[in-house]
Amino acid sequence: MEATTAPRIPSTRLALHHFDTSYGLHLGALWPSVRAGLLCEQKYGALLNSFAAADHVPRELELLNATDFVSEASQKAQQWQRGAAAGEAATGCQEGSGESRTGLQAEMVTQAETSPPLCTSSKIKCYAFPRGDITRFRPARPDALGLLDYYLMDAASLLPVLALSVQPDDFVLDLCAAPGGKTLALLQTGFCGHLAANDVSVSRTKRLYHILHSYVPKEVRDTVSVTSYDGRDWDQVKGGTFHKVLVDVPCTTDRHSAMEEENNIFHKRRTKERQMLPMLQLQLLMAGILAARPGGAVVYSTCSLSPLQNECVVERALDVAGAQFNISVHVEDLSHFRTLFQDTFSFFSDCRLGELVLPHLTANFGPMYFCKLRRM
(Lines give C-alpha, C1' and ligand atoms only; values in the text may rest on other atoms or scores of the structure.)
Protein backbone atom coordinates (compact mmCIF):
# COMPACT_ATOMS: atom_id res chain seq x y z
CA MET A 1 0.00 0.00 0.00
CA GLU A 2 1.34 3.41 -0.91
CA ALA A 3 0.89 6.20 1.59
CA THR A 4 -1.80 8.56 0.35
CA THR A 5 -0.04 11.69 1.60
CA ALA A 6 3.66 12.48 1.81
CA PRO A 7 4.81 13.09 5.40
CA ARG A 8 4.37 16.76 6.28
CA ILE A 9 7.65 18.64 6.22
CA PRO A 10 7.91 20.81 9.35
CA SER A 11 7.28 24.52 8.63
CA THR A 12 10.55 25.39 10.37
CA ARG A 13 12.42 23.21 7.88
CA LEU A 14 10.62 24.84 4.94
CA ALA A 15 11.50 28.25 6.38
CA LEU A 16 15.18 27.38 6.80
CA HIS A 17 15.36 25.96 3.29
CA HIS A 18 13.84 29.19 1.95
CA PHE A 19 16.25 31.29 4.05
CA ASP A 20 19.29 29.25 2.96
CA THR A 21 18.38 29.86 -0.67
CA SER A 22 17.54 33.57 -0.51
CA TYR A 23 19.63 34.88 2.40
CA GLY A 24 22.61 32.77 1.35
CA LEU A 25 22.64 34.90 -1.80
CA HIS A 26 21.76 38.20 -0.12
CA LEU A 27 24.09 38.00 2.89
CA GLY A 28 26.82 35.87 1.29
CA ALA A 29 29.61 34.97 3.70
CA LEU A 30 27.67 36.48 6.64
CA TRP A 31 24.78 34.02 6.32
CA PRO A 32 26.23 31.01 8.25
CA SER A 33 26.84 33.20 11.29
CA VAL A 34 23.40 34.87 11.03
CA ARG A 35 21.78 31.45 10.59
CA ALA A 36 23.47 30.18 13.77
CA GLY A 37 22.14 33.24 15.61
CA LEU A 38 18.58 32.64 14.36
CA LEU A 39 18.70 29.06 15.65
CA CYS A 40 20.03 29.96 19.11
CA GLU A 41 18.34 31.52 22.10
CA GLN A 42 17.35 35.11 21.45
CA LYS A 43 18.80 37.87 23.60
CA TYR A 44 16.51 40.33 25.39
CA GLY A 45 16.69 43.85 26.71
CA ALA A 46 14.82 45.19 29.74
CA LEU A 47 12.85 48.34 28.89
CA LEU A 48 12.47 50.15 32.21
CA ASN A 49 8.95 51.23 33.07
CA SER A 50 9.19 54.91 34.02
CA PHE A 51 5.58 54.77 35.31
CA ALA A 52 6.41 52.18 37.99
CA ALA A 53 7.96 52.95 41.37
CA ALA A 54 11.15 51.07 40.53
CA ASP A 55 14.06 53.36 41.38
CA HIS A 56 16.02 50.38 42.74
CA VAL A 57 15.96 48.49 39.41
CA PRO A 58 18.80 50.32 37.55
CA ARG A 59 21.16 49.62 40.46
CA GLU A 60 20.06 45.98 40.58
CA LEU A 61 20.67 45.53 36.83
CA GLU A 62 24.01 47.38 36.90
CA LEU A 63 25.22 45.03 39.65
CA LEU A 64 24.53 42.17 37.23
CA ASN A 65 26.71 44.00 34.66
CA ALA A 66 23.83 45.11 32.42
CA THR A 67 24.06 48.62 30.97
CA ASP A 68 21.53 51.12 29.65
CA PHE A 69 22.59 51.15 26.00
CA VAL A 70 20.22 54.02 25.14
CA SER A 71 21.81 56.52 27.52
CA GLU A 72 25.27 55.32 26.42
CA ALA A 73 24.33 56.13 22.81
CA SER A 74 22.92 59.52 23.89
CA GLN A 75 26.20 60.37 25.61
CA LYS A 76 28.11 59.34 22.49
CA ALA A 77 25.92 61.60 20.36
CA GLN A 78 26.48 64.54 22.72
CA GLN A 79 30.24 63.97 22.55
CA TRP A 80 30.05 64.17 18.75
CA GLN A 81 28.13 67.44 18.95
CA ARG A 82 30.72 68.86 21.32
CA GLY A 83 33.58 67.43 19.24
CA ALA A 84 32.08 68.94 16.11
CA ALA A 85 31.64 72.33 17.77
CA ALA A 86 35.24 72.21 19.03
CA GLY A 87 36.43 71.07 15.61
CA GLU A 88 34.59 73.95 13.94
CA ALA A 89 36.03 76.45 16.42
CA ALA A 90 39.56 75.08 16.00
CA THR A 91 39.46 74.98 12.23
CA GLY A 92 37.29 78.02 11.62
CA CYS A 93 40.17 80.43 12.12
CA GLN A 94 42.55 78.59 9.79
CA GLU A 95 42.77 78.62 6.04
CA GLY A 96 42.50 75.19 4.43
CA SER A 97 40.75 74.03 7.57
CA GLY A 98 39.90 70.71 5.92
CA GLU A 99 43.49 69.47 6.06
CA SER A 100 44.00 70.45 9.68
CA ARG A 101 41.33 68.09 10.99
CA THR A 102 42.66 64.86 12.37
CA GLY A 103 41.05 61.72 10.98
CA LEU A 104 39.04 61.17 14.15
CA GLN A 105 38.04 64.84 14.35
CA ALA A 106 36.96 64.73 10.75
CA GLU A 107 34.88 61.64 11.39
CA MET A 108 33.27 63.17 14.47
CA VAL A 109 32.50 66.36 12.61
CA THR A 110 31.05 64.42 9.68
CA GLN A 111 28.98 62.30 12.06
CA ALA A 112 27.71 65.38 13.89
CA GLU A 113 26.99 67.26 10.69
CA THR A 114 25.05 64.39 9.15
CA SER A 115 23.36 63.08 12.28
CA PRO A 116 20.80 64.93 14.29
CA PRO A 117 21.54 64.45 17.98
CA LEU A 118 19.88 61.29 19.19
CA CYS A 119 16.66 62.94 20.33
CA THR A 120 15.73 60.42 22.94
CA SER A 121 13.88 61.55 25.93
CA SER A 122 16.06 60.71 28.90
CA LYS A 123 13.07 58.70 30.10
CA ILE A 124 13.69 55.78 27.73
CA LYS A 125 16.03 53.39 29.48
CA CYS A 126 16.73 49.92 28.19
CA TYR A 127 19.25 47.59 29.79
CA ALA A 128 21.11 44.81 27.99
CA PHE A 129 23.94 42.49 28.94
CA PRO A 130 27.28 43.00 27.15
CA ARG A 131 28.28 41.12 23.99
CA GLY A 132 28.86 37.46 24.69
CA ASP A 133 27.05 37.63 28.06
CA ILE A 134 24.00 35.36 27.87
CA THR A 135 22.65 36.06 31.36
CA ARG A 136 18.85 36.06 31.42
CA PHE A 137 16.84 38.81 33.09
CA ARG A 138 14.54 37.79 35.94
CA PRO A 139 10.80 38.07 35.16
CA ALA A 140 9.26 41.51 35.67
CA ARG A 141 7.88 42.31 39.15
CA PRO A 142 4.97 44.56 40.15
CA ASP A 143 5.42 47.71 42.26
CA ALA A 144 3.09 48.64 45.14
CA LEU A 145 0.39 49.74 42.67
CA GLY A 146 0.74 46.60 40.57
CA LEU A 147 2.65 48.18 37.64
CA LEU A 148 5.47 45.94 36.34
CA ASP A 149 9.03 47.29 36.67
CA TYR A 150 10.31 46.44 33.18
CA TYR A 151 9.29 44.92 29.87
CA LEU A 152 11.46 42.21 28.30
CA MET A 153 11.77 42.63 24.54
CA ASP A 154 14.21 42.12 21.70
CA ALA A 155 16.29 45.24 22.36
CA ALA A 156 16.60 45.84 18.59
CA SER A 157 12.83 46.51 18.57
CA LEU A 158 13.59 49.77 20.34
CA LEU A 159 15.60 51.14 17.40
CA PRO A 160 12.57 51.99 15.20
CA VAL A 161 11.06 53.87 18.16
CA LEU A 162 14.31 55.80 18.76
CA ALA A 163 14.53 56.54 15.02
CA LEU A 164 11.06 58.10 15.15
CA SER A 165 12.46 60.70 17.58
CA VAL A 166 9.17 61.67 19.23
CA GLN A 167 9.06 65.31 20.35
CA PRO A 168 6.92 66.88 23.10
CA ASP A 169 3.17 66.90 22.26
CA ASP A 170 3.56 64.94 19.03
CA PHE A 171 0.49 63.14 17.71
CA VAL A 172 1.77 59.60 17.16
CA LEU A 173 0.25 56.67 15.25
CA ASP A 174 1.38 53.07 15.79
CA LEU A 175 -0.38 51.49 12.81
CA CYS A 176 0.31 47.78 13.55
CA ALA A 177 0.66 48.06 17.32
CA ALA A 178 0.07 44.57 18.79
CA PRO A 179 1.45 42.87 20.80
CA GLY A 180 2.48 46.25 22.23
CA GLY A 181 6.21 46.44 23.00
CA LYS A 182 6.85 49.36 20.67
CA THR A 183 3.63 51.08 21.82
CA LEU A 184 4.90 50.85 25.40
CA ALA A 185 8.30 52.22 24.31
CA LEU A 186 6.58 55.16 22.56
CA LEU A 187 4.77 55.95 25.83
CA GLN A 188 8.06 55.71 27.76
CA THR A 189 9.35 58.76 25.86
CA GLY A 190 6.87 60.81 27.90
CA PHE A 191 6.36 62.96 24.79
CA CYS A 192 3.24 61.61 23.07
CA GLY A 193 0.55 64.29 23.08
CA HIS A 194 -1.78 61.61 21.80
CA LEU A 195 -1.01 58.02 20.78
CA ALA A 196 -3.23 56.07 18.40
CA ALA A 197 -2.46 52.34 18.71
CA ASN A 198 -4.11 50.27 15.99
CA ASP A 199 -4.01 46.61 15.04
CA VAL A 200 -6.31 44.76 12.64
CA SER A 201 -6.37 41.65 14.84
CA VAL A 202 -8.88 41.89 17.69
CA SER A 203 -7.20 39.01 19.57
CA ARG A 204 -3.80 40.71 19.29
CA THR A 205 -5.37 43.98 20.42
CA LYS A 206 -6.39 42.17 23.62
CA ARG A 207 -2.67 41.50 24.26
CA LEU A 208 -2.00 45.20 23.68
CA TYR A 209 -4.67 46.13 26.27
CA HIS A 210 -3.09 43.65 28.68
CA ILE A 211 0.34 45.28 28.31
CA LEU A 212 -1.10 48.78 28.74
CA HIS A 213 -2.89 47.68 31.93
CA SER A 214 0.21 45.94 33.30
CA TYR A 215 2.58 48.87 32.70
CA VAL A 216 0.73 52.15 32.32
CA PRO A 217 -1.30 54.14 34.88
CA LYS A 218 -4.86 55.09 33.95
CA GLU A 219 -4.17 58.81 33.39
CA VAL A 220 -1.57 57.88 30.74
CA ARG A 221 -3.72 55.09 29.25
CA ASP A 222 -6.39 57.74 28.70
CA THR A 223 -4.07 59.49 26.20
CA VAL A 224 -4.00 56.29 24.09
CA SER A 225 -6.78 55.29 21.71
CA VAL A 226 -6.71 51.60 20.83
CA THR A 227 -8.50 50.63 17.59
CA SER A 228 -8.85 47.54 15.38
CA TYR A 229 -9.11 48.97 11.86
CA ASP A 230 -7.53 47.37 8.85
CA GLY A 231 -4.39 49.52 8.77
CA ARG A 232 -4.58 49.73 4.97
CA ASP A 233 -7.68 51.91 5.28
CA TRP A 234 -6.30 54.22 7.95
CA ASP A 235 -6.01 57.27 5.66
CA GLN A 236 -9.79 57.09 5.17
CA VAL A 237 -10.18 57.38 8.95
CA LYS A 238 -7.69 60.15 9.76
CA GLY A 239 -5.47 61.27 6.88
CA GLY A 240 -2.58 63.71 7.20
CA THR A 241 -2.87 64.34 10.93
CA PHE A 242 0.13 62.72 12.67
CA HIS A 243 3.58 64.13 13.41
CA LYS A 244 5.06 60.63 13.74
CA VAL A 245 3.91 57.28 12.35
CA LEU A 246 5.34 53.84 13.13
CA VAL A 247 4.57 51.13 10.55
CA ASP A 248 5.85 47.87 12.04
CA VAL A 249 4.37 45.51 9.48
CA PRO A 250 3.45 41.80 9.54
CA CYS A 251 6.38 39.91 7.97
CA THR A 252 7.97 36.46 7.81
CA THR A 253 9.14 36.93 11.44
CA ASP A 254 12.33 35.05 10.51
CA ARG A 255 13.41 34.01 14.00
CA HIS A 256 9.96 32.63 14.86
CA SER A 257 9.67 30.90 11.48
CA ALA A 258 13.04 29.17 11.90
CA MET A 259 12.27 27.98 15.45
CA GLU A 260 8.52 27.50 16.11
CA GLU A 261 5.97 25.27 14.40
CA GLU A 262 3.01 27.06 15.92
CA ASN A 263 1.57 29.94 13.88
CA ASN A 264 4.35 29.56 11.29
CA ILE A 265 3.80 31.48 8.04
CA PHE A 266 5.83 28.86 6.13
CA HIS A 267 3.10 26.29 6.75
CA LYS A 268 1.93 24.91 3.38
CA ARG A 269 -1.59 26.25 4.02
CA ARG A 270 -0.23 29.80 4.32
CA THR A 271 1.81 29.91 1.10
CA LYS A 272 -0.50 32.45 -0.57
CA GLU A 273 -0.57 34.66 2.53
CA ARG A 274 3.25 34.60 2.61
CA GLN A 275 3.55 35.47 -1.07
CA MET A 276 1.17 38.41 -0.57
CA LEU A 277 3.19 39.90 2.30
CA PRO A 278 5.18 42.48 0.26
CA MET A 279 1.89 43.77 -1.21
CA LEU A 280 0.29 44.04 2.24
CA GLN A 281 3.45 45.74 3.56
CA LEU A 282 3.38 48.26 0.71
CA GLN A 283 -0.30 49.05 1.35
CA LEU A 284 0.35 49.53 5.08
CA LEU A 285 3.37 51.76 4.45
CA MET A 286 1.34 53.84 1.99
CA ALA A 287 -1.43 54.23 4.59
CA GLY A 288 1.24 55.34 7.10
CA ILE A 289 2.63 57.92 4.68
CA LEU A 290 -0.88 59.27 3.99
CA ALA A 291 -1.60 59.41 7.74
CA ALA A 292 1.45 61.64 8.33
CA ARG A 293 1.09 65.39 8.04
CA PRO A 294 3.43 67.22 5.63
CA GLY A 295 6.80 67.42 7.40
CA GLY A 296 5.88 64.39 9.48
CA ALA A 297 8.08 61.30 9.85
CA VAL A 298 7.27 57.65 9.17
CA VAL A 299 9.40 54.71 10.33
CA TYR A 300 8.89 51.41 8.50
CA SER A 301 10.10 48.27 10.26
CA THR A 302 10.10 44.46 10.00
CA CYS A 303 11.73 41.58 11.88
CA SER A 304 12.83 39.97 8.60
CA LEU A 305 16.14 39.83 6.71
CA SER A 306 14.37 39.80 3.34
CA PRO A 307 15.17 42.69 0.97
CA LEU A 308 11.82 41.97 -0.73
CA GLN A 309 10.07 42.90 2.52
CA ASN A 310 12.52 45.65 3.45
CA GLU A 311 14.23 47.98 0.94
CA CYS A 312 12.05 46.87 -1.98
CA VAL A 313 8.85 47.81 -0.14
CA VAL A 314 10.27 51.24 0.73
CA GLU A 315 11.36 51.84 -2.88
CA ARG A 316 7.93 50.88 -4.21
CA ALA A 317 6.26 53.18 -1.66
CA LEU A 318 8.41 56.14 -2.78
CA ASP A 319 7.34 55.47 -6.38
CA VAL A 320 3.64 55.06 -5.55
CA ALA A 321 3.59 58.15 -3.31
CA GLY A 322 5.00 60.24 -6.14
CA ALA A 323 3.09 58.73 -9.06
CA GLN A 324 -0.35 58.14 -7.52
CA PHE A 325 -0.56 60.76 -4.78
CA ASN A 326 1.90 63.41 -5.93
CA ILE A 327 3.51 63.21 -2.47
CA SER A 328 7.26 63.66 -2.24
CA VAL A 329 8.85 61.37 0.37
CA HIS A 330 12.46 61.72 1.46
CA VAL A 331 14.51 58.84 2.97
CA GLU A 332 16.42 60.00 6.06
CA ASP A 333 19.94 58.72 6.64
CA LEU A 334 20.16 56.62 9.80
CA SER A 335 23.76 55.43 9.35
CA HIS A 336 24.73 57.22 12.59
CA PHE A 337 22.66 54.57 14.42
CA ARG A 338 25.25 52.02 13.31
CA THR A 339 28.02 53.95 15.05
CA LEU A 340 25.93 54.87 18.09
CA PHE A 341 24.78 51.31 18.77
CA GLN A 342 27.68 49.24 17.40
CA ASP A 343 28.63 48.06 20.90
CA THR A 344 25.19 46.50 21.41
CA PHE A 345 24.04 45.31 17.98
CA SER A 346 25.52 43.74 14.88
CA PHE A 347 24.50 45.77 11.78
CA PHE A 348 24.48 44.81 8.10
CA SER A 349 26.66 47.38 6.32
CA ASP A 350 25.23 46.91 2.82
CA CYS A 351 21.60 48.00 3.11
CA ARG A 352 20.56 50.10 0.12
CA LEU A 353 18.05 51.96 2.29
CA GLY A 354 17.55 51.95 6.04
CA GLU A 355 19.37 49.85 8.62
CA LEU A 356 19.30 46.14 9.45
CA VAL A 357 20.29 44.47 12.74
CA LEU A 358 21.65 40.97 12.11
CA PRO A 359 21.41 38.15 14.67
CA HIS A 360 24.90 37.24 15.90
CA LEU A 361 25.91 34.68 18.51
CA THR A 362 27.59 37.33 20.69
CA ALA A 363 24.74 39.85 20.29
CA ASN A 364 21.73 37.74 19.47
CA PHE A 365 19.15 40.47 18.84
CA GLY A 366 17.08 40.95 15.70
CA PRO A 367 16.60 40.61 12.85
CA MET A 368 15.22 44.15 12.80
CA TYR A 369 14.98 46.32 9.70
CA PHE A 370 14.01 49.98 10.01
CA CYS A 371 13.90 52.90 7.59
CA LYS A 372 12.88 56.51 8.27
CA LEU A 373 10.89 58.53 5.74
CA ARG A 374 9.88 62.19 5.78
CA ARG A 375 6.70 63.30 4.05
CA MET A 376 7.58 66.58 2.32
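## Helices H1 and H2

Helix H1 passes helix H2 in a right-handed crossing; a crossing is right-handed if the near helix is turned clockwise from the far one by less than a right angle, and left-handed if anticlockwise. The contact is made by Leu16, Phe19, Asp20, Tyr23, Gly24 and Leu27 on the H1 side, and by Trp31, Val34, Arg35 and Leu38 on the H2 side. Contact here means heavy atoms within 4.5 Å. By class these residues divide into seven nonpolar, one polar and two charged. Ala, Val, Leu, Ile, Met, Phe, Trp, Tyr, Cys and Pro count as nonpolar, Asp, Glu, Lys and Arg as charged, and the others, Gly among them, as polar.

H1 covers residues 11-27 and H2 residues 31-38, and the two pack at an angle of about 140° with their axes 9 Å apart. Axes are lines fitted to C-alpha atoms, for helices over the stretch in contact, and angles run from 0 to 180 degrees between N-to-C directions.

## Model and overall fold

This is a predicted model, in which local features need pLDDT of at least 70 and side-chain atom pairs count only at pLDDT 80 or more, while totals for chains, interfaces and linings use all residues. Residues are numbered from 1 along each chain as its sequence is written, and side-chain values use heavy atoms, with hydrogens and water left out.

The chain has 16 helices and 12 strands; these are DSSP runs numbered from the N terminus, helices (H or I) of at least four residues and strands (E) of at least two. Of its 376 residues, 51% count as buried. Buried means under 20% relative accessible area, exposed over 50%, and partly exposed in between (1.4 Å probe, protein chains only). Among contacts in the chain with a separation of 6 or more, 76% come from residues 24 or more positions apart.

## Annotated binding site

The unreviewed UniProt entry places the feature "binding site" at Cys176, Ala177, Ala178, Pro179, Gly180, Gly181, Lys182, Asp199, Asp230 and Asp248. Of these residues, the lining of the largest pocket includes Cys176, Ala177, Ala178, Pro179, Gly180, Gly181, Lys182, Asp199, Asp230 and Asp248. A pocket is an open set of points on a 1 Å grid over the protein atoms alone, where a 1.4 Å probe fits, with protein on both sides within 12 Å along at least five of seven lines; lining residues have an atom within 4 Å of a point. UniProt annotations may be inferred rather than shown by experiment.

Lys182 lies in helix H8 and is buried, with a relative accessible area of 11%. Leaving aside residues up to four places away in sequence, Lys182 touches Asp248 and Ser301, among others. Asp248 belongs to strand E8 (residues 242-248) and is buried at 17% relative accessibility.

Eight of the eight residues of H8 are buried, so H8 is largely enclosed by the rest of the structure. H8 is followed by Gly190, whose phi is positive, near 75°.

H8 and H9 pack at an angle of about 35°, with their axes 9 Å apart, and the crossing is right-handed. Gly181, Thr183, Leu184 and Leu187 of H8 meet Leu208, Ile211, Leu212 and Tyr215 of H9. This contact has six nonpolar, two polar and no charged residues.

His213, also in H9, is partly exposed at 48% relative accessibility. Beyond residues up to four places away in sequence, His213 touches Leu147 and Arg221. His213 and Leu147 are 66 residues apart in sequence, with 8.0 Å between their C-alpha atoms.
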